[in-house]
Every structure is written in C-alpha cells, then in structure tokens.
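Subject: Structure handover and notes

Hello,

Please find the structure below, followed by notes on what was found in it.

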Amino acid sequence: MKPQRVIVILNKGSGRQDGTERKSRISDRFQHHNIPVSFVEFSPNGADLGHVAQSTAEANPDATIVASGGDGTISGVASGLAHVPNQMGIIPAGTFNYFARSLNLPETVDEAVDVIAKGVLRPTDIAKINGNAFLNNASIGAYAAILKTREGIYDRWGRSRVAAYWSVVKALATLRAPLRLTVTIDGKSFKHRTPLVFAISNAFQLNQMGLSGEDCIAKGGMVLLVAPDTNRWGLFKHAAALALGVAKRETDYQMHCGNEITLDMPHKSRPVARDGELSRMKGPFKLHMQREALQLIVPAEFNEAVR
C-alpha cells in the first residue's frame, strides 16, 4: 500500500555522497511518486536514534518512517520502531549495507524510494543485547577494538571497504588480554577464554562471510561465534579468515545456536559493537530475539523465508 506520507530520518554523515545532495535526491524521488516527505536530520555523534525514531513515530502515527544511512543508522531507527504500528522504509547509504542487502533492497536512492512507494510489508525479527537492537551482529572483544580504530582511519582517509579492512590489521596489532567469560545458551552454561565473541542474527551476513548457521536463524535463533584463545598472529589469521569468507568451523571459531544467550565476565563494563556502532554497556550481556518487531517495506518480489 502506497504510504500517505513519509518522514526520513537522515544521517548526514553516512556514505560517500554529500548529505545535502542525498536529501535533495530523496525529496525529488518522493515527489515523483506524489508522496509528501519531510526530514529529521542528525549527525552521528551523540544522537540517540532510538529515542528520535520513537518520538517521531508517536507524534506521527500515520507516517511511514524511513531510515537513510548505514547499518548503524538503520539499527538505531529500528530500535525505536520495534512493536509500533508505523511502517518502516530503508534508503541504504552505508559502506556494507548488510541489512538492506539481506532484504534485496537496492542501494541507489531512486530505486530505494521506488520500493518504499510500491513495496509490500514484511514483519521482521530483530535481536537485542541488554535492550539495544541489532539487525546484523553484536560483538564484544576484538571487533569493538577494530571499530574504535576504524573511526580514526575513516576520519583521516574517508569511508571505504579498504579502510575498513585496514582497521582490522591495525587494531589486532595492538590487542591486549583476551576475555574470560561464562556463556549461557538456552540454560546451558560453559566457560571460555577468547579474544572475540560475535553474535549474528542475519543469515545473509553469514553467507557473505562464508559461514554456516542459516538453519539456526531460520528456526528463530541467532548464531554465536567464539574465537579460539590464541596468540596475536593466530587471532589475525582467524579474523582474516572471517573477513575473506574462508573461515572453518571448529578451526577458526566455535559456533553455537540459541534463542536466549547470556555473556558474563569479571569486568562488568565493556565496549559493545552493534551493526558497526560502538557503545559501552554494563554486563551481564543478555541477547535475545524479538519476533516480528518491525513492519518493513520490502520489494514486492522478495520472498526469501530467511533474510
């Protein structure tokens, strides 16, 4: 059903295209479809996107709320729109766009707006860690360090996939002590010493990384990857295997499947990476799935059972 009106929550800092130019293109394309559009703009630093999206939806219950940005922006908006009646649309503008690509959403402005104007609704699950939504992945340990390094590289050299991969090398070269944690999955506990735990709720990203586990996500769970405790070169090898899509189960990681996952460790406060965004949280870290939390607009021809 064609939206009556649209409000676009726009990350001015996402992607390579100038935010003003992107806003103009979005506006022009919605006008092409005779759909009224307005904008809520924000800069990434310090923005509570969940609150922005929730308050926007509450004040405009008849509007379709559209997230325009990368995976972090989309995840933040989704957090605020969970279990509200507003439809949600997506205009991808990030580096990897895993979530949008998992729904077969186009990555150009005109085509993405066309989907919002002509697409269909799909109730979609989301994952949460300590109440904070993620749509692709959440991680504690080495990946959080990589993200912190990545932002400095982006500031200096700009956003690109080459810069993202270089941040992996640089961060792992200075990584310190591994995590000591107790993992509880659907009531069963075990201990691990590891530099990295990585939860994935997106089967498309698993496939892009060359990993198995789609059956777990198809059953409503999430995949937890636990890297083996090793030296710095071994960690680099495992991380590179994941990045290049050649990781092997039980060699480069241990894989677990669960609906309810708890991570407990001595240091209660840790940096947590969610869909490419970094924040600090207090443990224990509780992860779970929320069923059909979003009313997403997807292409009419999209009929994949698992995204």
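Buried here means under 20% relative accessible area, exposed means over 50%, and partly exposed lies in between, with a 1.4 Å probe and protein chains only. By that rule serine 27, at 18% relative accessibility, counts as buried.

On provenance: this is a predicted model, in which local features need pLDDT of at least 70 and side-chain atom pairs count only at pLDDT 80 or more, while totals for chains, interfaces and linings use all residues. Residues are numbered from 1 along each chain as its sequence is written, and side-chain values use heavy atoms, with hydrogens and water left out.

Overall

The chain has 10 helices and 16 strands; helices (H or I, at least four residues) and strands (E, at least two) are DSSP runs, numbered from the N terminus. Of its 307 residues, 53% count as buried. Among contacts in the chain with a separation of 6 or more, 73% come from residues 24 or more positions apart, where contact means heavy atoms within 4.5 Å.

Serine 27 sits in helix α1. Apart from neighbours within four places in sequence, serine 27 is in contact with Val37 and Phe39. Phenylalanine 39 is 12 residues from serine 27 along the chain, and their C-alpha atoms are separated by 9.0 Å.

Two packed helices are described by the angle between their axes and the distance between the axes. Helix α1 (residues 19-32) and helix α5 (residues 109-118) cross at roughly 40 degrees, and their axes come within 9 Å. The axes are lines fitted to C-alpha atoms, for helices over the stretch in contact, and angles run from 0 to 180 degrees between N-to-C directions. α1 and α5 are therefore oblique to each other; angles under 35 degrees count as roughly parallel, over 145 as roughly antiparallel, 65 to 115 as roughly perpendicular and the rest as oblique. The crossing of α1 with α5 is right-handed, that is, the near helix is turned clockwise from the far one by less than a right angle, with anticlockwise being left-handed.

On the α1 side the contact is made by Arg22, Arg25, Ile26, Arg29 and Phe30, which meet Val109, Asp110, Val113, Asp114 and Ile116 in α5. By class, this contact has 5 nonpolar, no polar and 5 charged residues. Ala, Val, Leu, Ile, Met, Phe, Trp, Tyr, Cys and Pro count as nonpolar, Asp, Glu, Lys and Arg as charged, and the others, Gly among them, as polar.

The loop between α1 and β2 (37-42) holds asparagine 34. Asparagine 34 has 65% relative accessibility and so counts as exposed. Between asparagine 34 and arginine 5 there are 9.2 Å in space, C-alpha to C-alpha, at 29 residues apart in sequence.

Helices α2 and α3

Helix α2 (residues 49-59) packs on helix α3 (residues 71-81) at about 50 degrees, with the axes 7 Å apart. That makes α2 oblique to α3, and their crossing is right-handed. Leu49, Gly50, Ala53, Gln54 and Ala57 in α2 meet Gly72, Thr73, Gly76, Val77, Gly80 and Leu81 in α3. The class count for this contact is 5 nonpolar, 6 polar and no charged residues.

In α3, 10 of the 11 residues are buried, among them Asp71, Ile74, Ser75 and Ala78. Histidine 83 follows α3 and has a positive phi, near 65 degrees.

The sheet

Which strands make up the open sheet of 6 strands, and in what order? The order is β12-β11-β10-β7-β14-β15, with antiparallel pairing; two strands pair if DSSP finds at least two bridges between them. β12 (254-258) and β15 (277-282) stand at the edges with a single partner strand each, so one side of each has no neighbour in the sheet. The twist averages 25 degrees from one strand to the next. Strands β7 (residues 137-141) and β10 (residues 196-200) run antiparallel and are joined by 5 bridges. Alanine 138 stands opposite alanine 199 in β10.

Backbone points to check

- Glycine 283 and proline 284 are joined by a cis peptide bond, with omega about 0 degrees; proline 284 is in the loop between β15 and β16 (285-298).
- Asparagine 97, not a glycine, has a positive phi of about 55 degrees. Asparagine 97 lies in the loop between β4 (88-92) and α4 (98-102) and counts as buried at 4% relative accessibility.
- Aspartate 275 has a positive phi near 50 degrees. Aspartate 275 is in the loop between β14 (269-274) and β15 and, at 5% relative accessibility, counts as buried.

Regards
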